[in-house]
Every structure is written in C-alpha cells, then in structure tokens.
Amino acid sequence: MEDLDDRERIDWMRSFDALGAPGWLPPLLHEPSVTPQAYVTHAPLEHRRSWGQYFTPQRIAEWMAAYVLQPGVRSVLDPAVGTGVLIEALLRQPGWNPEIALTALDADPAILRVLAHNVQDTLPNLTIRQQDFLLDPDRTRYDAIICNPPYIRHRRLRDRQALLSMFERRLDLKLSAFSNSYVLFILGIATRLAAHGRAAIITPFEYLNANFGVPIRSFLLRHNLVDGLALFDHTRLVFDDANTTACVLLLRADRAADDVITFVHVADEAELAPIEQLPERAVTRYRLPELDAEAKWLPLFPAPPAASTWLPDRRMVSLRELADVRRGIATGANDFFTLTETERAQHEIPLTHTRLCVTKASHAPYLCFTVDDLQRLRESDRKIYLLDARDELPPAVQVYLDQGERLGIHRRFLPTHRGVWFAMEPRPVAPLWVNAFSRRGFRFVLNDAGCANLTTFHCIYPFVAERDHVVLLAAFLNSAIAATVIARQHRIYGSGLHKFEPLDVAALHVPDPATIPGSLSAVICQTYLQCCEVERTDRSAAGLMKAEIDRLWGEHLGGALHAAS
C-alpha cells in the first residue's frame, strides 16, 4: 500500500501469516458448519480479543443486510467477515441475486478457515482474501458494504501511529490518538462506496459521544454520507463479552443535500423494521445543517418515554468556568501501590511515605466523606494507604520496591512511562469528587476527610475554595435538575454501565454560586449539609430534604422539568 513503507507493510503481513493453524481449530472444522457460538466456545478468549472478534446477532444482521441490498447491487464487500454471519444474512434476503460478486476480507487466518469451511463451494462468486482492510491496497468501490469491524482499543492497535498518519494523509484530517480500530474501518468503508453505494456498520457507540469521534463525525457530515443511526438500548448487551452499547451506522453515497438523517432508538431488536417503516416514537429526523460534529450526538436520539429534560436558565455557566476537573491518581498497579493497615504494618512502611487515599467508589457511598468514614475503613482493614515513596527511601520501603520489581510492576504500562517507576503523581486533594463509573447514578461527594483519591473518582477543584461555594456546587450537581443534564452528557456502555469523563463533567451547566442571593445560598447550604448527615440513618427524611433543595433551585433558575415528548 502506498501509504505505508515496505518495511511496515511486510511486518504487518508477516504477523498474520506467522500464526499458522492453532491447535483448537482442527477439531472445530470436523463439524458440518461452525456457528458463532461454537467458534466462541472453541477459540480462546485471548485469540478473539486480540483480533477484536465480537459477533452480530442474527436479527440485527438481517436488518443491516436489508438496508444495503437494494435493486441493482452488483458487488458486495464484507471487510471483516469473521465466520460469515453477515454473509448468511445477505443470502437470506429476498432480493439476493447469486450473480452478485461478493468479496470477504479478514486479517485472522484462523477465522477465514472457518468461513471457507462454512461456505465451501456454495458461493461461486465469493472471493475470500486474508487481508487487514485498513491496509488493503485494492481501492475497488462497492455497491454495498456490510461490516462488524474488529473492536480493538487504541492501546492495543498495532503500529497505531503509522495507521493514523496514513488515514490523515489520505483523507486530509487530524485523528485523535484515542481512535479505535472500528473508527478507522468507518473511514475506510466511507471511501470505498460506489456512486450509489450503501453501507451498514455495527460498532460501539463511543465515537458518537466522545471527543475522539469529532474528526469522524466531521468527515461523514462534510461528505453527506450519514443516512441513519440506530442506537440500541444501553440495557441490552448486543455483543457477548463486550460491555458496550452498540449502534448501527447507515451510509449512503447518493444522498441529496436536503435528505433527512434518521436517528433511531432501538429498545428491542425484535422491533427492527425498514428505516422508513419504524414508528415515529422511535425516530428523530434531522437535516444536515442541524448536525454539529463538535457536539455530542447522544442527545439527538429519541429519549425514552420516562425521560425528562431541563430548560436551563441563561445565568447557568459550564462547570469549567468555575472549576478544574481532572481524573484521580492512576497507579498502574493498585494492588501493589495501595495497602491496608495490616499490609502497611507487615511491610513496616512508614506513614511518612504514604498518602491517605480512597481507592474504591464503594468506600465513599454517601454525599460527604468524613474523617470518621476514613477511620471506619482503617478499622475494617480496607486499602486506604497509597505508597508515596519520595526523597530518601527508608530500608523497609526499598525492600518493598525491590519486591515490586521481582513481580514486574516496574514493567507495566504506567510505571514504564514515569521518570521514576514508583513515583506517584503529586495530585492535590480535591474538595469535591464524582464517581467515574456508575450503574445507579452519579454522586458528587464532599471530601471532608481531606484525602487523595484514585481514578475511581474524578477530582473537582473549584477556583473559589470557600466552603459555601463548594457546598452550593455539590447541592446543585446532586439535584434532580442536574440529573437530567447528566443523563444526556455522559457515556453509556452495555448492561447499563455509565461513564463520566472529566471533559464531560466540565461541560455540565451549573448556576454560578457568586450570583445566588445570600439568603438563598444560606438555606440551600444548611439544608444540604443536614441532608448529608441524615441520609446515613433516615433515607426518607433525606429524600424530603433533597426535594426541598430541588424546589429551591427550580424557583431560583426560573425553569422546570419537562417530560420529553
């Protein structure tokens, strides 16, 4: 391929050819046909993960096939074919024509042997090639492309920088270093569509709501390729073994400037129908000028029936104008760098070479984390000490670090990228935390114990450090009003796992405490701090206090909660 030099290209292809036939493969090929379930049972998990292999459910595969297989299609490409799930879905379509030329690519030679075994000689117009699509020198354009790209995170993407540079040169755009394999597949597929071509691509949803997806969203909008997006409910795990929310991107090369773009919320794949026949409650339609590549696209999908939205007051500002938001301390090896009281005493680690630290979100389950809470964690022998080895090392600390080297801790990813492998970043204590992951909602925690925190929480550093200022921010961020904003701002993964990135937190809109009348500020702060005390023993009373705080915010901001239509 002209975009990579000969050495890079040869190294890539040798890595594929060198694998040979793994020992688990021959017994699998004794079966008349190998289903995805059988493949998952026999192929080791590490093999499947290294190739990013997750399989498309049949109903979704058929919906994708129906979209791309339009009258007049003469050529079809599946650039990450796997065991052939999407090919089989194409063959089941009423409009399938045996004369259609079908090309199937995959980088994994083992799974291609499974595919060849499954189809054998039943498809004379099928061409199978062992090829990484991202490196494919063939620039043939296709009438239809259907794909479930490999899901390989950016950290595990081989020769990532060479790949990103190649796409940047070819497409004249700047990609984020956090780009996963599937977003590169989207870009590659977009450039391989014929004049009237269509594509259906099933991927995780992340790129539509994450900053690394901005260049991809921008490219697709600039070329007016997006025909629709189907987002599957976050409570559904579409991909087995992958904790991520799935979506299907529909591309069409012959879109007119005023054609609508359809956003679909899919509560159950059994309800899937041709995009023009989906019920109105499940779709929202936009014109091209209404979409902004810089904005998150999650709010563009139809909201669930029970969802609500907040009509914000103009006096609200983004949190980044009032505070700095950063992730917690990343150790790279929590089990080694954090200790319980028993472990600290056993290794004779001096307190002067540790920092008090919250290591798990479950250790701070309330709205305020106090010195008494920290003492309870110590008494129950939880990990509350973070190794903070600096300056001259006492003999006991050196012995412990030597043990870490024998365990290979110094060769792990984060330690190898530090100037001194065991030196923790000197992150200051944050007065306010928010949990990075949640299944039951996010909570903003007042850190009254004055201790550090790992990445289980993000750190919020208000520029104005007065107590009332911090309490007012916490009181709003934990309110029902803020919850409706948060619900459209964070990222959702499969099985209902929610994730907040620091940039997502910083983008939240909040009232500026400096603009709140002193009398109202005093009432909210007093009620909120009482709530922090009462919630530990009387949830009902705490609920009433929260409702009163919500009422006060609503009156002050002049807005209201409105049910989404």
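A salt bridge here is a side-chain nitrogen of Lys or Arg within 4 Å of a carboxyl oxygen of Asp or Glu. The views below come from a predicted model, in which local features need pLDDT of at least 70 and side-chain atom pairs count only at pLDDT 80 or more, while totals for chains, interfaces and linings use all residues. Residues are numbered from 1 along each chain as its sequence is written, and side-chain values use heavy atoms, with hydrogens and water left out.

**View 1. Arg 129 and Asp 138 form a salt bridge.**
The closest N and O atoms of this pair are 3.8 Å apart. Arg 129 has 25% relative accessibility and therefore counts as partly exposed; buried means under 20% relative accessible area, exposed over 50%, and partly exposed in between, with a 1.4 Å probe and protein chains only. Asp 138 is also partly exposed, because its relative accessibility is 27%. The salt bridge count by this rule comes to 20.

**View 2. Asp 227 pairs with Arg 252 in a salt bridge.**
Here the closest N and O atoms are 3.2 Å apart. The pair links distant parts of the chain, with Asp 227 in strand 6 and Arg 252 in strand 7, 25 residues apart. Helices (H or I, at least four residues) and strands (E, at least two) are DSSP runs, numbered from the N terminus. Both Asp 227 and Arg 252 are buried.

**View 3. Asp 504 meets Lys 296 in a salt bridge.**
Their side chains come to 2.6 Å, N to O. Asp 504 lies in helix 18 (residues 502-506) and Lys 296 in the loop between strand 9 (283-286) and strand 10 (308-310), so the pair ties together parts that are 208 residues apart in sequence. Asp 504 and Lys 296 are both buried. Elsewhere, salt bridges that share partners join Asp 227, Arg 252, Asp 254, Arg 255 and Asp 259 into one network.

**View 4. The largest nonpolar core has 57 residues.**
A nonpolar core is a set of buried Ala, Val, Leu, Ile, Met, Phe, Trp, Tyr and Cys residues joined through side-chain atoms within 4.5 Å. Among the members that touch the most others are Leu 184, Tyr 207, Leu 249 and Phe 263. Elements supplying at least two residues each include strand 4 (142-147), helix 8 (160-171), helix 9 (181-190) and strand 5 (193-204). Helix 9 gives the largest share of this core, eight residues. Leaving aside neighbours within four places in sequence, Phe 263 is in contact (heavy atoms within 4.5 Å) with residues including Leu 229, Tyr 286, Trp 297 and Pro 302. Apart from this core lies another, of 52 residues, among them Leu 28, Val 76, Val 114 and Val 264.

**View 5. Four strands form an open, mixed sheet in the order 13-16-14-20.**
Two strands pair if DSSP finds at least two bridges between them. Strand 13 (338-339) and strand 20 (452-453) stand at the edges with a single partner strand each, so one side of each has no neighbour in the sheet. Strand 14 (residues 354-358) and strand 20 run parallel and are joined by two bridges. Val 358 stands opposite Asn 453 in strand 20.

**View 6. Arg 382 sits in the loop between helix 13 (371-379) and strand 16 (385-387).**
With 43% relative accessibility, Arg 382 counts as partly exposed. Beyond its neighbours within four places in sequence, Arg 382 is in contact with Leu 339, Thr 340, Glu 341, His 363 and Leu 377.
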